[in-house]
Amino acid sequence: MTQPPPLIQAEDLSVTLAGAPILDHVSVQVSRGEVVVLIGPNGSGKTTFLKALLELVPHRGRVARAPGLKIGYVPQHFARDHALPLTVARFLAIYAPNEKGVVAAALARIGIEELAGKQVVTLSGGELARVLLARAIVHRPDLLLLDEPFAGVDLAGEATLYRLIAELRDELNCGVLLVSHDLHVVMAQASRVVCLNRHVCCEGAAGAVIRDPAFVQLFGPRIASELALYVHHHDHVHEIGHVPEGADHPHGPHHG
Amino acid sequence: MCPKAPIILTALIMDSFLWRAILGAALLGAAAGPLGCFVLWRRMAYLGESLAHMGLLGAALGLLLGVAPIAGVAAVAIVAGLIMARATDRYIPSGTFIGLVGHVGLALGFILLSTMETVRADLMGYLFGDVLALSPFDIYAVAVGGAVMLAALWLLWRPLLVVTVSRDIAIAEGRDTRLADLAFLVLVAGLVALALKVVGALLIVALLLIPPAAARPLAKTPEAMALLAAVLGALSAPLGIAGAYVFDAPAGPAIVLAAAALFVATSAGAAVQQKITRSG
């Protein structure tokens, strides 16, 4: 199978904030049709990496975007302002001018048509998360970049929304780069997992990454073995020979 | 009811100059309303105030160099705006730096103006404005400038709104934020130049803040708020100038007070409506 050319490619991204290294030569690429999940502990530089990729923070290294790439971005934090009157429908329409029906279609796809007339400042955390996702797809992007997009959503809703992202990937034929802390849900939807802790610790299919010694070192043997069980039950693509009892039998690709 | 009403009527009928003053101030108010919405949404009242203070220095330099004060004000405000836009929070909060620059401009401008024999009598006009003391050229400049600014805001509306709603999303999705930022700065500087002799350096920001604040409780979309702010800003001019006639008060402060009265009216109206909705 040949990989299509990447939509976005980061080469050797390094970020230093106030003298402290935040990211150290990180290279990640995302292609059409992939759901790449970026995981890592707090302070590992996940959000900073996404911001560097989007030119929101100064960085060294190179970011190459496919020509004419349309990006849909869901930031981790979205500041709302009471001084600005803004209905949900108008919020989406700002990003899709002169196109009839796309706002209604985006709201319907996420299942939040009833929020169209609501003021953005009055939305609950879960509603805002869905509105931000609808906003990110309103212009039919080639690449979705989602930074902890469902932090304010309850558990049941979160699982549904992660499945929705996999569906959107197929419908829009786009690539997805997702930052998440929720390892369980993420593992079930990822085509590829990148494990970040200032540098890329390990990378590959979910089933392989969780048995990588670098992953076990980062998240601890207990989480690694729990996830191994989980991935075994949920993974319909990758053959897994056996479920490791603990972290002492790593089978994944080794890295530095 | 109003003993001086016949005087105003006579003045209006007799004096086409007064009509021009009202029209100029109204167009200025109409442009300041929507622009002020962005000042409010982007929390840049401090920047606006500092640019207005710099306007006094601009007027002084314009007079010194023998060019129209309005051109001096615009030039100095744009340069000052570009300097202020570079302020970072590295050692002191950026607002402190912006305020510092603005007050230097105010102090320096005041000193320069007070050394000019012919201007000294007009100093109050520079600080608090007097639309009725404007030359016919100035009045036309204010009217045409106000109309041009309204047109520019119409054309730049979406890029300005995109940057206002979320700068990060705008940059991330590859939208041009520099054009919107520069345009915003130039528009505020332009408004300062037009408004300096109408409401004065110390009251320009009132023109940017009060009509949008009055429009906010009545609006559900940014466009509705901008339109209402334009209407309320324009309305403040004839109300204020009429008030100035009746009470023999300076016209600039009277326009600001008229805008404030509209703010009180819409806020009270919104509060009453909310009470009715809740109890009903």
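What area is buried between chain A and chain B, and what percentage of it do carbon and sulfur atoms give? In this predicted model, the area buried between the two chains is about 2,100 Å², and carbon and sulfur atoms give 60% of that area. In chain A, the residues that lose the most area to chain B are Pro85(A), Ile94(A) and Tyr95(A), which together account for 28% of what that side buries.

**Interface of chain A and chain B**

- The contact involves 25 residues of chain A and 22 residues of chain B.
- The rule finds 3 salt bridges across this interface.
- A salt bridge joins the side chains of Asp81(A) and Arg43(B), with an N to O distance of 2.8 Å.
- Between chain A and chain B, 10 residue pairs are in polar contact, with both residues at pLDDT 80 or more.
- On the side of chain A that touches chain B, β5 and α2 (88-93) of chain A each supply at least two residues.
- The largest share of that side comes from β5(A), with 3 residues.
- By residue class, the side of chain A that touches chain B consists of 14 nonpolar, 5 polar and 6 charged residues.

**Salt bridges in the whole structure**

- Over all chains, the search finds 15 salt bridges.
- Glu34(A) and Arg192(A) form a salt bridge in which the closest N and O atoms are 2.8 Å apart.
- This pair links distant parts of the chain, the two residues being 158 residues apart: Glu34(A) lies in the loop between β2 (20-31) and β3 (35-39) of chain A, and Arg192(A) lies in strand β8 (residues 192-197) of chain A.

**Aromatic pairs**

- The structure holds 6 aromatic pairs over all chains.
- Phe78(A) and Phe91(A) form a tilted aromatic pair, at 5.4 Å centre to centre and with 40 degrees between the planes.
- Phe78(A) belongs to the loop between β5 and α2 of chain A, whereas Phe91(A) belongs to helix α2 of chain A; the two residues are 13 residues apart.

**Confidence of the model**

- Chain A has an average pLDDT of 84, and 87% of its residues score at least 70.
- In chain A, confidence is highest in strand β5 (residues 71-74), at a mean of 96, and lowest in helix α9 (residues 221-234), at 69.
- Over residues 236-256 of chain A, pLDDT stays under 50; the model has 28 contacts beyond four places in sequence for these residues.
- Where pLDDT is low, the predicted coordinates should not be read in detail.
- Chain B has an average pLDDT of 88, and 94% of its residues score at least 70.

Key: Residues are numbered from 1 along each chain as its sequence is written. Chains are lettered from A and ligands numbered from 1 in the order in which they are written. Side-chain values use heavy atoms; hydrogens and water are left out. pLDDT is the predictor's confidence in each residue, from 0 to 100. Helices (H or I, at least four residues) and strands (E, at least two) are DSSP runs, numbered from the N terminus. Contact means heavy atoms within 4.5 Å. Buried area is the accessible area (1.4 Å probe) that two parts lose on being put together, summed over both. A salt bridge is a side-chain nitrogen of Lys or Arg within 4 Å of a carboxyl oxygen of Asp or Glu. A polar contact is a pair of N or O atoms within 3.5 Å; within protein, one must be able to donate a hydrogen and the other to accept it, and residues adjacent in sequence count only if both atoms are side-chain atoms. Ala, Val, Leu, Ile, Met, Phe, Trp, Tyr, Cys and Pro count as nonpolar, Asp, Glu, Lys and Arg as charged, and the others, Gly among them, as polar. Rings of Phe, Tyr and Trp (its six-membered ring) pair if their centres lie within 6.5 Å; planes under 30 degrees apart count as stacked, over 60 as edge-to-face and the rest as tilted.
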